[in-house]
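Colleague: Could you walk me through how the labels on this model were reached? I would like to see each value set beside its cut-off.

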Amino acid sequence: MKDKAKKLIEKYEELESELGNPDVLADQARYNKIHKQYKGIEKAVLKAKEYLQMLNDQEEWKAALGDSDPEMVAMAKSELSDIEKKLPVITDELQILMVPKDPWDYRNATLEIRGGTGGDESALFAGDLFRMYQGYCSRMGWKMTIQDASEGTVGGYKEIRVFIEGDSVYGTLKFESGVHRVQRVPETETQGRVHTSAATVAILPEAEEVDVEIREADIHMDTYRSSGAGGQYINKTDSAVRLTHIPTGVVVSCQTERSQLQNRLHAMEMLRSKILDAVIAKKEQEEAASRKALVGTGDRSAKIRTYNFPQNRVTDHRIGLTLYNLDKVITGDLDEIINGLQMANAQEKLGKFNA
């Protein structure tokens, strides 16, 4: 582990040096790729430095056991006892952080939220989820761009799609995909009864052309007039685009741009992302068949989390995590949940949950 920690720090320093290379700075695509790798191992590097420092301290205090001063010997024993308690924990944390990431974990991602069962209340809940992720993205310093949205009749969203740019967005948020359930008294409820509604969340990795090959002959395109805000430009031209990938049946649409060409380009990006997501889901399902997978099973229709407002409780059913701070979680304080899911996934890969 000591040698692996040193190599990880060396790799980090190499990437840092590359980021300062004039040739890399002049190539934006290359710079972005290296920067994502650099940021992707940053947490592991910090833990590796902590681990190595603790090993160094351990050696120094062991040497102090031979000191002629009884007080120094007593202090050394106390420090060594403390290190012996902390070192296994830090070693496990480092081992988990060093688990190799999937190649697409460093990429940007698209967030899709759809209201499900529950009518108007599900649309309101979808709006709450959107604002929750909006708050989390703000905390992370990520940029969000709304690509498409259909508002609910009393507020919220029937459906909303957002593109998120930042460091390791997909790798951070990928376990958010699934059915999110809410339990609360709806605004439209006159008897004060608690209702259960649901919304689905999908996190799709940004796909590059080399990831997915799409033949023009396999695409059917429809055009229609955009709806929503737009002033004098709205409903004048058929600028909105709907693409259907005939072999898979995947359908995507885009109407955020005033140009049909720009909407088609965005729709093609979304089509590639959806097809890549299907490939990833199939891979996860195959892996789940051979081990006891808690997260990332590829089942995007599974109920993964419940938000209970009367009890101020949020529960992630995959890892059995229950928190009584829903008021903070719903504003974007998702660190404890997301970190828990990341740790569980890493432990799965290490084989700790093998049946």
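Predicted model: local features only at pLDDT ≥ 70, side-chain atom pairs only at ≥ 80, totals over all residues.

Colleague: What makes H4 roughly antiparallel to H5?

Modeller: The angle decides. Helix H4 (residues 42-64) and helix H5 (residues 70-97) pack at about 155°, with their axes 9 Å apart. An angle over 145 degrees counts as roughly antiparallel, so H4 is roughly antiparallel to H5. Their crossing is left-handed, and the residues of the contact comprise 17 nonpolar, two polar and eight charged.

Colleague: Thanks! Why does histidine 180 count as buried?

Modeller: Histidine 180 lies in strand S4 (residues 178-184). Its relative accessibility is 0%, and buried means under 20%, so histidine 180 counts as buried.

Colleague: And what makes the pair of histidine 180 and tyrosine 307 a polar contact?

Modeller: Their side chains are 2.8 Å apart in that contact, and the cut-off for a pair of N or O atoms is within 3.5 Å. The pair therefore qualifies as a polar contact.

Colleague: How do you know that S6 and S7 pair?

Modeller: Pairing needs at least two bridges, and six join S6 to strand S7 (residues 240-245), running antiparallel. For example, aspartate 222 has arginine 242 in S7 as its bridge partner.

Colleague: Why do S6 and S8 stand at the edges of their sheet?

Modeller: The open sheet has the order S6-S7-S8, with antiparallel pairing. S6 (219-224) and S8 (250-254) each have a single partner strand, so one side of each lacks a neighbour in the sheet. From one strand to the next, the twist averages 15°.

Definitions and conventions: Residues numbered from 1 in each chain as written. Heavy atoms only, no water. Helix = DSSP H or I, 4+ residues; strand = E, 2+ residues; numbered from the N terminus. Axes fitted to C-alpha atoms, helices over the stretch in contact; angles between N-to-C directions. Parallel < 35°, antiparallel > 145°, perpendicular 65-115°, else oblique. Left-handed = near helix turned anticlockwise from the far one by under 90°. Nonpolar A, V, L, I, M, F, W, Y, C, P; charged D, E, K, R; others polar. Buried < 20%, exposed > 50% of the residue type's maximum accessible area, 1.4 Å probe, protein only. Polar contact = N/O pair within 3.5 Å; in protein donor to acceptor, adjacent residues only side chain to side chain.
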